[in-house]
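Work through the exercises below with the sequence and the model at hand. Try each task before reading its solution.

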Amino acid sequence: MSPIHDFPAEFKGDLITPDHPDHPKAISRWALNAKRNAAMVAFVKDTEDISLAIKYACAHGLEIAIKGGGHNPAGASSTEGGLVIDLHRYLNYSRVDPAKRIGYVGGGAVWETVDKAAIEHGLATVGGTVNHTGVAGLTLGGGYGFLSPTHGLALDNVLGATIVLANGSIATANETENPDLFWGIRGGGSNFGVVAEFVFRLHPQRRAVFAGRALYHRRQLEALISATAEWWDSPGDRSAQIQAATVGPDGQPAMAVIMFYNGSEAEGRAFYHRFFDIGPVLDQVKEIPYEDVNSLQNASLYHGQGVYFKGAAHRRPDYETVLRAFDRAAALNAGPGPNPRVIFEYYPLQRITSHDSGETPFRRDCIPSALVVALWGEDTQENSTRGREMVYELIGLLKDANPQLSEEEKAGYSNYDDDAVSKGAAEKARLVFGKHYARLQEVKKRYDPENVFHKWFPITPVSERRQPIIIEIRCIALPTTLTDRRETAMPSNLSDFPSEFKGDLVTPEHPEYTKAIARWAMDAKRDAKIVAFVKDVQDMSLAIQYARSHDMEIAIKGGGHNPAGASSTEGLVIDLHRYFDYARVDPEKKIAYVGGGAIWETVDKAAIEYGLATVGGTVNHTGVGGLTLGGGYGYLSSSYGLALDNVLEATVVLADGTVVNASKTENPDLFWGIRGGGSNFGVVSEFVFQLYDQRRTVFSGMAVYDRSQLEALTKVTAEWWDNPGDKSSQIQTAAVGPDGKPVMVVAFFYNGSEAEGRTFYKKFFDIGPIDDQVKEIPYELVNALQNHVSYHGQGVYQKGVAHRKPEYETVLKVFDRVAELTAAPAAGPNPAILFEYFPLHKITAKDSGETPFRRDPVPSILVNAIWVDDTQENLRRGREMVYDLIGLIKSANLQLTVAEQAGYGNYDDEAVSKVAADKARIVFGKHYARLQQVKKKYDPDQVFHKWFPIAPAA
């Protein structure tokens, strides 16, 4: 980047100009047509940075745009030749005070961040139904969501905000401080300043809800709309729906219904029985974790498409209107160019309209909203023009069917209007804000008289002269840790903990203790004496030394995914996830610096922004550290080997508290040991990974086969396994489907287009799966395909094993046994068997001594049992089920060695058992003696022993 000589030296964030290699990424947006060539992008770190950026832009005559999630397709977060204040990089946070039921949310946060943080405490607030939408844009412009029937709009749940004004001053806005500004921002958009932080009201929320997608064909439309109209007359306060006229997986026009019921599956199916009685052609509605609800539309509304949309409204569900829109959308979809959709949003309005109409400037229409959107892939002016034409045609159709609506009502929901940044936006603002416009002009005059902020339905300040008003402001810096918002006094029993420690310490009496010791598997939880959320390597060193001086066992937590409890202890936990969940990419060198507490979702999303990727876990909330140190199979293994094969170096904090680098040239014996030897040698604070060029979309998803198709499926799998190439992988799971019948669910992956993938896997699709959801999806969603069944808070017992190759008799035997075990007892654990077919040629091509990982030339199998109620009986029964199925597989593969039969080390619940030290000799095989020498050098006192512990050499 060329020096920006006159930019204030006090600026702490990052500045990107057009000559910087990150500039294309910095100006990219959710909608590819929303990109503009900014002269400067300022990634701000706090309110002072925001203030400096505003003052600089005003002094240099630069237009200002504010970017949070960057979701507005009209370009509200972009500027041509101006300055973008980008809040997302450093202000994408959500900190929860569970006692007060409030959330402090950064102005650059996305709803995924809020949903996940709040539900950890059994709380939630109204949020966007596409969870990578920015919190700020949606909230400032309204904010409908699945919880609106109970809690109103997102803006109705804002208790306060910190705002940087046009003159650079920093103001607090709530009901008592600057109440006129507080009124204005809740519906008036970004017209008054940069919101650096929101304070949201949170509400108790059950952990699992009934939600998902059902698909209906045209012939079922009349019955569907009849049921919808009946439901809409009495929806209660626990249900909401989105109905989208679109195209189904079979290429036929379909109405996709996303149902939501804030209750159990039994309650939800009973409530929506009229909809299910119609007989949807596809039913994926089930009980899912609450935090997954707002991701149900993500697969189709991904980053990097062209988008044009507009809002409309209609009186109520009406068959003739819906049929007309359905058929016209189908006709337009059949032609070339953009793909249009008509989306009917049915969020019951009773809570929203119960607010006084003057409480906020948001226009509270008493009718349901509709969204018409056109999507396209190639960024051409022709697609943009054609998409706009399609949207206006369908909007006209809806308006014609609802002539009795007012002009304001016909204008639709303002967050859905691509005219927000058009030449006529200032005039349309009067229609959008209606009777509130004059009062908004007064607020604008007071806080932004020069119209600095004008990128969304700009409000013209009143022109008459007024007496100057003194605004009470306070200059603050946003907190960087949760401890800035809570009592920072050290618990009395930690009075001797080093004062230099910068992180957060949680002990049993702390209100966050229960969350701090929770793990992915509920049975992996242990009652730690101290949880140390470390901020840097010095903190790690201090925590290690403190634990050793107090004779406390140490556990290291990254993602916390090991169900055996490797990341838990009744001593001291060094928790890396809170402050070390990061991935910084150097696109020129094609490397990533990844925090020891990162999860694979963080890595996948950061790397693909540059068209890069590395081998990662197939459940993306798995920790990078645990998976990598123990091996790391993944969908890209056929091209690049294991995750550990792509580690270039690491920073490790040793048992004596010293910090070292490990690579091929620095401490090479340690570098050898950590790549397969697990957490036996120290705390890895950072990895450096090799990245590779990766296409943005891949062919992937789930297909389901029943028992009658099993022989044909296993036959084509065996043929494929003999020659899989380097672009394909599969996971085949024998489990029980939503209808209680045993099925084989195949997660397909092909690193290419849908046309290429369907050709490559033709024999599999020729069998005729009973459900086919395999399609071209964004690469970063691949490792999320199993998240809905591998969610946090279940009981889990698992073990690995291996088999020679796909074989029908063995597969059928275990398939039937899974069905038997699941049938009785009905309330007990549910077993599953995952046949993991990651082609092994890249893995086994490595010299067997290059790392201590055992490179078996046979495919791996994971056998697990999952349960809901945290009882000793479920744990015992789950373990029995797993051993029953493991024994069956071993008996069919007697020719395998003892080590091969032991399976993949990362899949072994005996890693932390009484026999773990003895089993380590089998797991590490011929490498064990050398690992003992490394252990003697770096951890002679066996401080780190929570995963297949290695005894130091004598």
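The model is predicted: local features need pLDDT of at least 70, side-chain atom pairs count only at pLDDT 80 or more, and totals for chains, interfaces and linings use all residues. Residues are numbered from 1 along each chain as its sequence is written, and side-chain values use heavy atoms, with hydrogens and water left out.

**Exercise 1. Describe the contact between domain 1 and domain 2.**

Step 1. Locate the parts. Domain 1 spans 208-419 and domain 2 spans 697-913; such bounds come from an automatic or database domain assignment. Their C-alpha centres are 36 Å apart.

Step 2. Nine residues from domain 1 and nine residues from domain 2 take part in the contact, where contact means heavy atoms within 4.5 Å.

Step 3. Give the area. About 860 Å² is buried between domain 1 and domain 2, with 61% of it on carbon and sulfur atoms. Buried area is the accessible area (1.4 Å probe) that two parts lose on being put together, summed over both.

Step 4. Sort the residues. On the side of domain 1 that touches domain 2 there are five nonpolar, two polar and two charged residues. In this scheme Ala, Val, Leu, Ile, Met, Phe, Trp, Tyr, Cys and Pro count as nonpolar, Asp, Glu, Lys and Arg as charged, and the others, Gly among them, as polar.

Step 5. Count the pairs. Between domain 1 and domain 2 there are zero salt bridges (a side-chain nitrogen of Lys or Arg within 4 Å of a carboxyl oxygen of Asp or Glu). Two residue pairs are in polar contact, both at pLDDT 80 or more. A polar contact is a pair of N or O atoms within 3.5 Å; within protein, one must be able to donate a hydrogen and the other to accept it, and residues adjacent in sequence count only if both atoms are side-chain atoms.

**Exercise 2. Is Asn-72 buried or exposed, and with which residues is Asn-72 in contact?**

Step 1. Asn-72 sits in the loop between strand 3 (64-67) and strand 4 (83-86). Helices (H or I, at least four residues) and strands (E, at least two) are DSSP runs, numbered from the N terminus.

Step 2. The relative accessible area of Asn-72 is 17%, so Asn-72 is buried (buried means under 20%, exposed over 50%, partly exposed in between; 1.4 Å probe, protein chains only).

Step 3. A polar atom of the Asn-72 side chain lies 3.4 Å from the backbone nitrogen of Ala-76. Leaving aside neighbours within four places in sequence, Asn-72 is in contact with Ala-34, Val-421 and Trp-456.
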